[in-house]
Amino acid sequence: MKNERKVLRNKSILLGVTGGVAAYKSLDLIRRLREEGSSVKVIMTGAAKNFATPLSLEVASGHRVCADIFSDPMSHITLPADADIFVIAPATANIIGKFANGIADDLLSTCLLSFRGKIVIAPAMNWRMYENPVFRKNLKTLLSLGVIQVGPEKGSLACGEEGIGKMADVPDIIESLKSALANKDLLNENILVTAGPTREYLDPVRFLSNRSSGKMGYAIARAALRRGAEVTLISGPSSLDKPKGVHFISVETAWDMFNAVAGELPSSTVLIMAAAVSDFTPAKMSQKKLEKSEKLILHLERSPDIIAAAGKKKKKPFIIGFAAETGRKTENARKKLKEKNMDMIIFNDVTEAGAGFDVDTNKVVIIEGEKEISLPVLSKDAVADAILDRMVKIRA
Ligand SMILES: Cc1cc2nc3c(=O)[nH]c(=O)nc-3n(C[C@H](O)[C@H](O)[C@H](O)COP(=O)(O)O)c2cc1C
């Protein structure tokens, strides 16, 4: 997907690697950043060489690794001057302490002082170090100066202990770089996104559901967060990781989702219904597991129409719906748009290659008013941004 917009495409990233066990993860971080289209230059500390070799970082980044301030006397100025963003991963207690106190005694710490852009740090250390009040004070100083922190997580640490101090996962570090560089055009929006399938129970162990994975809705929630919105994500059962920073509400049935949306609607400026809400629900759920029999006739009734209810509100938010169809026609989606008082509807033919359930791409038509904008097959992240772009334009 050559032409799609990517926040990290053609960005110059300066990566500082410091002396912690998590330094081996820097290789994966470099690889994934390059996949996003970024160019990565690495500065490592002397201590970091005990944990990752300069050669491996050089091979991964495709650039000479810089470590010595005196081998190229101007590098402490030129390296930061050429970079769009600076990330330290892993960030030791030592580099955080040095930076917070203006110490510049090696290439990395000196570059940090001469850099003028956004700085992201991914602290990683033993929990005792992380909870040390001296370290906390240094970290607080950096955060108060606008440095962006990602992680650490709780978990089993390299030393064998359990606790807080595990470096953030690579996708989370990448997400925080994207967020740091993204255009914050949704700062005043409270966006309510629904995602995933619902489950309509026949009895305590059986339910009717559908193939929705939640990928499209989760991508919209991440994109909206990145662009500065407050985001509430109401999700049916999904195996996806919760996007960090969203207000997350987990639901199962269509009625659960209806009630959760009703509760959040008054404080939302935008509702994006990417969930695949079941149209039908059993008229009565059996409290006991249904016995095996030759035949079972199910009585289904309509489940609540969440969008239609939202569209009838006096103070309705901007409403974006999805119409997953098995056919190429957009008429039906256009009809839903009008009938349910939506502002925009995203049509996709789930039978088309690269579109629909459980894949990472989608091919959609954005319909608003009389306009139809057909997008090519794009990643769901790119589709999410395209939908939000269109919404921003209409609301401007
Ligand atoms: C085996 C081992 C693992 C270490 N892991 C960490 C770590 O995860 N985080 C940390 O802050 N320091 C860790 N340290 C201590 C740092 O390596 C030490 O503070 C060093 O001076 C950091 O230098 P730098 O910040 O210039 O890379 C570790 C030390 C050893 C010997």
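## A first look at the model

Start with the ligand: 14 residues surround it, and the closest are G19, G20, T45, A47 and T92 (a residue is near a molecule if its C-beta atom, placed from the backbone, lies within 6 Å of it). This is a predicted model, where local features need pLDDT of at least 70 and side-chain atom pairs count only at pLDDT 80 or more, while totals for chains, interfaces and linings use all residues. Residues are numbered from 1 along each chain as its sequence is written.

**Around the ligand**

- Sorted by class, the shell has eight nonpolar, six polar and no charged residues (Ala, Val, Leu, Ile, Met, Phe, Trp, Tyr, Cys and Pro count as nonpolar, Asp, Glu, Lys and Arg as charged, and the others, Gly among them, as polar).
- Helix α4 (residues 93–100) gives the largest share of that shell, with three residues (helices are DSSP runs of H or I with at least four residues, strands are E runs of at least two, and both are numbered from the N terminus).

**Helix α4 and what follows**

- Six of the eight residues of α4 are buried, so this helix is largely enclosed by the rest of the structure (buried takes 20 or more other C-beta atoms within 10 Å of a residue's own, exposed takes 12 or fewer, and partly exposed is in between, with C-beta atoms placed from the backbone).
- The buried ones in α4 are A93, I95, I96, K98, F99 and A100.
- Their cover includes β3 (85–91), α5 (107–114), β4 (118–123), α6 (127–131) and α7 (133–144).
- Just after α4 comes G102, with a positive phi of about 70°.

**A22, a buried loop residue**

- You'll find A22 in the loop between β1 (12–17) and α1 (25–35).
- A22 counts as buried because it has 27 C-beta neighbours inside 10 Å.
- Leaving out residues up to four places away in sequence, A22 touches P90, A124 and M167 (contact means C-beta atoms, placed from the backbone, within 7 Å).
- A22 and A91 sit 69 residues apart in sequence, and their C-alpha atoms are 9.2 Å apart in space.

**The nonpolar cores**

- The largest nonpolar core has 56 residues, and V193, I220, A224 and I387 have the most contacts inside it (a core is a set of buried Ala, Val, Leu, Ile, Met, Phe, Trp, Tyr and Cys residues joined through C-beta atoms within 7 Å).
- Its largest share, eight residues, comes from helix α9 (residues 215–226).
- A second, separate core has 52 residues, including I88, A100, L142 and A168.

**Helix α13**

- Helix α13 (residues 380–395) has 16 residues and should span 22 Å at 1.5 Å a residue, which agrees with its end C-alpha atoms being 22 Å apart (the expected span is 1.5 Å times one less than the number of residues).
- The buried residues of α13 include I387, L388 and M391.

**Domains and the whole chain**

- The domain assignment gives domain 1 (12–181) and domain 2 (190–282 + 298–395), with bounds that come from an automatic or database assignment.
- The C-alpha centres of the two domains lie 37 Å apart.
- Each side brings four residues to the contact between domain 1 and domain 2.
- On the domain 1 side, that's no nonpolar, one polar and three charged residues.
- The protein chain has 13 helices and 21 strands, and 42% of its 396 residues count as buried.
- Its C-alpha atoms fill a box of roughly 80 × 50 × 40 Å, taken along the principal axes.

How values were computed
Two residues are in contact if their C-beta atoms, placed from the backbone, lie within 7 Å.
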